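Here is a short tour of a protein model, written to be read with the structure open beside it. Take a moment to turn the model around before reading on.

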Amino acid sequence: SETITNQLCQPSMNCQFGDGFQLFSLEEINNPSGCEGYGDFTNLVASLEEDTTYDLTVTTGYGDQYITVWIDFNDDYTFTNNERVVIDHVIAPGQGSGTYTETFDLVVPAGAANGLHLMRAKSNWQAPVPANACEETTYGETEDYSVQIGELGVDDISMTDADMIV
């Protein structure tokens, strides 16, 4: 038999000049981070509701950063255009090196599927974030998180080997 596992792409980009995320804050997630290029923070979970607008706060270390955020509502490990909840918000347009913090809207659409989903945040310097969430650009960063839409149900609980008692 053969096991097929869905895998999430991990686009790593150059953030050594401050491009990318120094802070990503949404509901229970408050993640100050350094330059990872790609950061897997899927252990951090924000509790959200469908048909609701949330404040997303992002800090970057360089201006002219375009920010796009996706939530994989159908859990197929592919981030599509209709899963974008922030589309090319520009932080500090026309600015260079420095610390820039902005709070802007993240909108969870009506009809969003309940459950635990992946969320991807991606930045790109001086240009819109590519529609393909797996595409690498010269400067920027990609960070993955988790979101719980609606109430946590029995089917949403997962265990790892570390959780099991022998």
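This is a predicted model: local features need pLDDT of at least 70, side-chain atom pairs count only at pLDDT 80 or more; totals for chains, interfaces and linings use all residues.

The report below starts with the overall fold and then visits individual residues.

## Overall fold

The secondary structure consists of nine strands and zero helices.

The protein has 166 residues, and 45% of them count as buried. Looking at contacts with a separation of 6 or more, 74% are made by residues 24 or more positions apart. The protein exposes about 8,700 Å², of which carbon and sulfur atoms supply 46%.

## The salt bridge

How many salt bridges does a search of the whole structure find? The search finds one. Its partners are aspartate 144 and arginine 120, with their closest N and O atoms 2.7 Å apart. The two residues link distant parts of the chain: arginine 120 sits in strand S8 (residues 115-125) and aspartate 144 in strand S9 (residues 140-149), 24 residues apart.

Are these two residues buried or exposed? Both aspartate 144 and arginine 120 are buried. As a general point, side chains of opposite charge can pair when their charged atoms come close.

## A negative patch on the surface

On the surface, a patch of negative charge brings together Glu27, Glu28, Asp55 and Asp105. One of these residues, glutamate 27, belongs to the loop between strand S1 (23-26) and strand S2 (29-32). Glutamate 27 has a relative accessible area of 46%, so it is classed as partly exposed.

Alanine 46 lies in strand S3 (residues 38-48). Why does alanine 46 count as buried? The reason is its relative accessibility of 0%, which falls under the 20% cut-off for a buried residue.

Leaving aside residues up to four places away in sequence, alanine 46 touches Leu26, Glu27, Glu28, Ile29, Ser146, Val147 and Gln148. Two of the names in that list, Glu27 and Glu28, also belong to the negative patch. Another neighbour, glutamine 148, is 102 residues away along the chain, yet its C-alpha atom and that of alanine 46 are separated by 6.2 Å.

Most residues other than glycine have a negative phi. Which backbone angle makes aspartate 75 worth a look? Its phi is near 55°, a positive value in a residue that is not glycine. Aspartate 75 is placed in the loop between strand S5 (65-71) and strand S6 (84-91), and it counts as partly exposed because its relative accessibility is 38%.

Glutamine 126 also has a positive phi, about 60°, although it is not a glycine. This residue is in the loop between S8 and S9. With a relative accessible area of 46%, glutamine 126 is therefore partly exposed.

## Asparagine 132

Where is asparagine 132 found? Its place is the loop between S8 and S9, which also holds glutamine 126. Asparagine 132 has a relative accessible area of 43%, so it is partly exposed.

Conventions. Residues are numbered from 1 along each chain as its sequence is written. Side-chain values use heavy atoms; hydrogens and water are left out. Helices (H or I, at least four residues) and strands (E, at least two) are DSSP runs, numbered from the N terminus. Buried means under 20% relative accessible area, exposed over 50%, partly exposed in between (1.4 Å probe, protein chains only). Contact means heavy atoms within 4.5 Å. Accessible areas come from the Shrake-Rupley method with a 1.4 Å probe; for residues, only the protein chains shown count as cover. Patches are made of residues with over 30% relative accessible area and no salt bridge: like charges are joined within 9 Å, nonpolar side chains (Val, Leu, Ile, Met, Phe, Trp, Tyr) within 5 Å. A salt bridge is a side-chain nitrogen of Lys or Arg within 4 Å of a carboxyl oxygen of Asp or Glu. Lys and Arg count as positive and Asp and Glu as negative; His and the chain ends are not counted. The place of a charge is taken as NZ of Lys, CZ of Arg, CG of Asp or CD of Glu.
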